[in-house]
Amino acid sequence: MKKKLFITRKFPVHIVEPLQEYYEIEQWEEEEAVIPREKLLTAVTDCEVLWVTIEDQVDEELLSHAPNLKLVTNLAVGFNNIDVKAIRKRGIMATNTPGVLTNTTADLVFGLLLATARRIPESERYLREGKWKSWYPMQLVGKDVSGATIGIIGMGRIGQAVARRAKGFDMKILYNNRRRRHEAEEMYGFKYASLEELLKLSDFVVIMTPYNSDTVGLIGAEELALMKDDAVLINASRGGIIDENALYHTLKNGKLWAAGLDVFEQEPIALDHPLLTLPNVVALPHIGSASLETRTAMFMLNVRALTAYGQGKAVSNRID
């Protein structure tokens, strides 16, 4: 008898079809819209396997509606949408998509860094709005990236990939992490720094640390005050690590050159959010891993895990 699989989005047909050999599949028929919570709670009542995105909260409430659930497969590397303690308590497995999005996300981080430093989105708006009437020496001047100091908070796979790209721009690299990366320090010349030292010395501060109870509000008013007046803050990790209200007031008061943000506390961000009123904020709709190659690779990691479970084999990429 086939296992019941519920998918919370409409995924590409060629990705889902091979799983029909092992599963009775139902899925939400919208690609862009999140499944309403009440519909999700109804859908999980008899499913054994659940395939979710980062916008679907797998919490105590959902689990109380899913007595037969055995596996949750998450189309993301981060899993703060899953209550890991709650699923462990019930003996439910969960998987994610580690490794495959490292370079794609690091590319996006550097894109944000360059866009904020050189005021690229602002300059494009300037042209499209018909403001380009002549050339003058201080017109839309930006900040040099080459030779500047970058401070990376969170030196995991993506943080190290960002640092390697920074080496290509002859940047000085500071990092802060729960544990030292001695091999990377010797190989690439990265320098460990305390959080306070990193914030004080860096021209560009890049947040790549995971989102958890230790990093909620990690960058607040006090931390922002430590940064250079012309520093740039980049976040492509998770919203909630930066105090957005404090960041808005810091930027509004003329401290910091700019901020580049791919993630926010509430997603999608409200169009009337104060940060979106500032010309020196480059805001993106959480597209860190959004390349065709990477999203396909993420799908395939999930498919491998689902196939293994369907075949009664060991499941890889489990969240421990």
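Mentor: Asp, Glu, Lys and Arg count as charged; Ala, Val, Leu, Ile, Met, Phe, Trp, Tyr, Cys and Pro count as nonpolar; the others, Gly among them, count as polar. The model is predicted: local features need pLDDT of at least 70 and side-chain atom pairs 80 or more, while totals for chains, interfaces and linings use all residues. Residues are numbered from 1 along each chain as its sequence is written, and side-chain values use heavy atoms, without hydrogens and water.

Trainee: Which classes make up the lining of the second largest pocket?

Mentor: Three nonpolar, six polar and four charged residues. Of the 13 lining residues, Ile 54, Gln 57, Asn 80, Glu 265 and Glu 267 are the closest to its centre. The pocket holds about 330 Å³.

Trainee: What makes a space a cavity, and what a pocket?

Mentor: On a 1 Å grid over the protein atoms alone, a 1.4 Å probe fits in a cavity but cannot get out; a pocket is an open set with protein on both sides within 12 Å along at least five of seven lines; lining residues have an atom within 4 Å of a point. Points join across faces, edges and corners, and volume is the space filled by probe spheres set on them. The whole structure has one cavity of 30 Å³ or more. The largest cavity has about 50 Å³.

Trainee: Which residues line the largest cavity?

Mentor: Among them are Asn 235, Ile 241, Glu 244, Leu 247 and Phe 264. By class, the lining has six nonpolar, three polar and one charged residues. Glu 244 is in that lining, and Glu counts as charged, so Glu 244 is the charged one.
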